[in-house]
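Come and read along with me.

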Amino acid sequence: MINIPVTIRISLRALRANKMRSALTMLGIVIGVGAVIAMLAIGAGARERVSEEIDSMGSNLLIVFSGSTSSGGARMGAGSEPTITLLDAEAIKRECPAVLDVGPSHSGTAQVVFGNQNWSTIVIGTTPSLLDIREWQIIAGRPMTEQDDRSIAKVCVLGKTVVDNLFGGIDPVGKVVRIKKVPFTVIGVLGSKGQTMMGQDQDDIIYVPISTAQKKLFRPLFAGMIQFMMIKARSMEDLDDGQQQIEELLRQRHRIGQHQQDDFTVKNLTQMMQTAVNIARIMTLLLGAIASISLLVGGIGIMNIMLVSVTERTREIGIRIAVGAKTWDIRLQFIIEAVTLSIIGGGIGIILGQAGSIAVAKLAGLPVIISPLSIAVAFGFSAAVGVFFGFYPAYKASLLNPIDALRYE
Amino acid sequence: MKEILIEVSNLSRIYHVGDSDIAALNKVGLSISKGEFVSIMGPSGSGKSTFMNLIGCLDTPSSGTYMLEGIDVSCLVRDELAEIRNNKIGFVFQGFNLLSRTTALENVELPLLYSGMPARQRRERALDALRTVGLEDRIDHQPNQLSGGQQQRVTIARAIVNNAPIILADEPTGNLDTKTSAEIMDLFVRLNRDSGITVILVTHENDIAAYGRRLVRFRDGSIISDEATS
């Protein structure tokens with residue numbers, strides 16, 4: 001019969017007898033578990049941030065840019081050549097079955113003035129659809145309407161950052177701001193969407209009807225020209241079809257031959273976001289894997305010390321075997337020692353890992369999420385490390401020949 | 001005729017060293033009755049230590065049989081032997097072999113730990129054993145705080161704590177001065193006489209061997225003489 005509580009006491013006494021060594025051995029596990037916890041927390045945080053971004057972006061999104069120009073052999077960026085038009089947008093909405101809605105946009109940077117405050121921001125001229133496409137709520141006032149667009153109304157919807165910077169507590173709805181010296185009436189305020197992954201403030205924005213933008217603010221090269229359009233597909237599955245339909249339609253409309261380059265670019269925003277999620281997930285796995293290596297190294301440290309301990313205590317083991325300790329009495333004694341080291345180390349590691357995660361969150365401004373699951377897994381893993389790396393030394397100890405062990409100096 | 005406790009016949013222990021076989025013990029037969037006090041003598045390499053290891057169930061014979069209280073011990077496995085050692089045999093070694101950084105009381109309790117006795121009973125039994133060897137006022141001392149004689153008494157207390165019928169003492173006085181040796185030997189004699197414990201003692205000092213009532217001499221792996229002494 002194996003007396004577990006007594007075996008535990010024996011093991012603890014042995015660990016106490018070598019405090020410094022026990023502490024150093026534990027340190028390996030502390031660092032390993034701490035690193036795993038921190039890395040998983042940072043990884044989960046990054047993934048959460050990306051998911052939030054996807055949500056704030058709106059779902060099932062495609063974006064179409066006008067093509068790039070070449071000037072003297074140097075190709076300009078996407079959207080530099082005016083190729084897509086409002087008519088293209090209407091055609092896409094009409095003719096592509098996978099497309100739910102289209103939000104054509106024409107934008108520019110402008111100085112906005114209210115009273116004695118002024119602020120430089122991005123002004124996007126668009127149709128009322130865009131806010132629906134981006135699933136963006138109006139928290140005060142009203143959204144733009146078709147009527148505003150048709151009548152080239154000088155109305156605007158403000159992002160939260162613009163409101164904060166220009167109004168400072170005053171209700172902006174119904175007030176008049178000047179965009180490029182043109183007076184616009186504020187009809188609504190947008191809810192906050194926060195920052196993008198790149199740290200860009202999505203709320204630093206003003207929406208105006210696209211007709212107004214083109215006639216009063218950013219005069220395009222020709223009537224109806226737009227820079228980009230956001231398109232919402234009917235569903236996640238329709239994204240690829242939608243992209244194909246749009247490309248075919250635009251090639252047709254723009255009369256692009258079979259071997260000619262497109263003069264536009266269609267991008268699958270949602271897919272790009274999914275890619276970002278996947279990257280975040282892979283990063284988490286990678287970080288976790290690297291952290292696990294340190295846990296493994298910590299485990300090897302335990303094994304090393306346990307082997308030293310078995311050798312050092314050969315005589316003690318001989319005495320125990322001589323007076324009647326059985327194979328598993330000896331094995332358990334050393335396994336419990338190893339597990340105790342790894343569990344205490346794991347416990348400290350969990351605390352330090354959390355503290356580290358919170359510190360990273362505070363200092364670097366990265367989001368971190370400490371999941372109870374990762375704590376449970378790290379704890380279980382450290383106990384398993386103890387059993388795994390403790391077993392071989394324990395096995396070795398239990399097989400000692402008592403005659404030799406008793407003579408061991 | 002007294003009850004037979006230990007009966008060995010044709011007991012051999014052969015060590016394989018390289019290509020050659022060395023017989024440390026060669027077909028030894030011996031029987032020891034309950035309550036005997038046997039001294040075993042012989043030069044080093046005579047096989048007496050090998051014999052003691054076999055008797056103590058620390059080793060298994062290459063051939064031959066060993067009956068202990070009617071049980072054939074020679075065919076038991078490791079953990080069964082551990083159990084025999086635990087409740088039938090008490091060891092007293094030349095080098096004491098006590099656990100360091102462990103109090104006398106806990107050292108004496110050690111065999112009881114492995115026989116699964118409850119803590120309270122363990123403590124009582126260990127205290128009894130320490131009282132028997134006259135160390136009741138040293139129970140909380142660790143081996144390095146005890147003299148050689150006191151350490152050997154702790155070892156003896158450990159040997160008797162499980163009411164084992166046999167004490168195997170391997171040169172128990174080898175590290176002790178004459179006066180202390182005499183005290184330890186008197187303790188063995190007392191345990192043998194008062195408690196009926198069978199004592200088997202290995203020594204190479206004639207005056208120590210003389211405490212026994214039977215003297216067995218080994219040479220070259222065999223018994224060369226076996227006689228009763230005063």
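These entries begin with how I read the model and then turn to the helix and the pockets.

I am working with a predicted model, in which local features need pLDDT of at least 70 and side-chain atom pairs count only at pLDDT 80 or more, while totals for chains, interfaces and linings use all residues. Residues are numbered from 1 along each chain as its sequence is written, chains are lettered from A in the order in which they are written, and side-chain values use heavy atoms, without hydrogens and water.

**Entry: the helix**

I looked up α6 of chain B, residues 178-195 (helices are DSSP runs of H or I, at least four residues, numbered from the N terminus). Which of its residues are buried? I found B:Thr180, B:Ser181, B:Ile184, B:Met185, B:Leu187, B:Phe188, B:Leu191 and B:Asn192 (buried means under 20% relative accessible area, exposed over 50%, with a 1.4 Å probe and protein chains only). Down the axis of α6(B), these buried residues fall within an arc of 145°, so they line one face of the helix (the arc is that of the directions from the helix axis to the C-beta atoms). On the other side, B:Thr178, B:Lys179, B:Arg193 and B:Asp194 are exposed. Just after α6(B), I noted that B:Gly196 takes a positive phi of about 70°.

**Entry: the pockets**

A pocket is an open set of points on a 1 Å grid where a 1.4 Å probe fits, with protein on both sides within 12 Å along at least five of seven lines; lining residues have an atom within 4 Å of a point. The largest has a volume of about 750 Å³, and among the residues closest to its centre are A:Met57 and A:Arg134.

How values were computed. Helix = DSSP H or I, 4+ residues; strand = E, 2+ residues; numbered from the N terminus. Expected span 1.5 Å × (residues − 1). Points joined across faces, edges and corners; volume = space filled by probe spheres on them.
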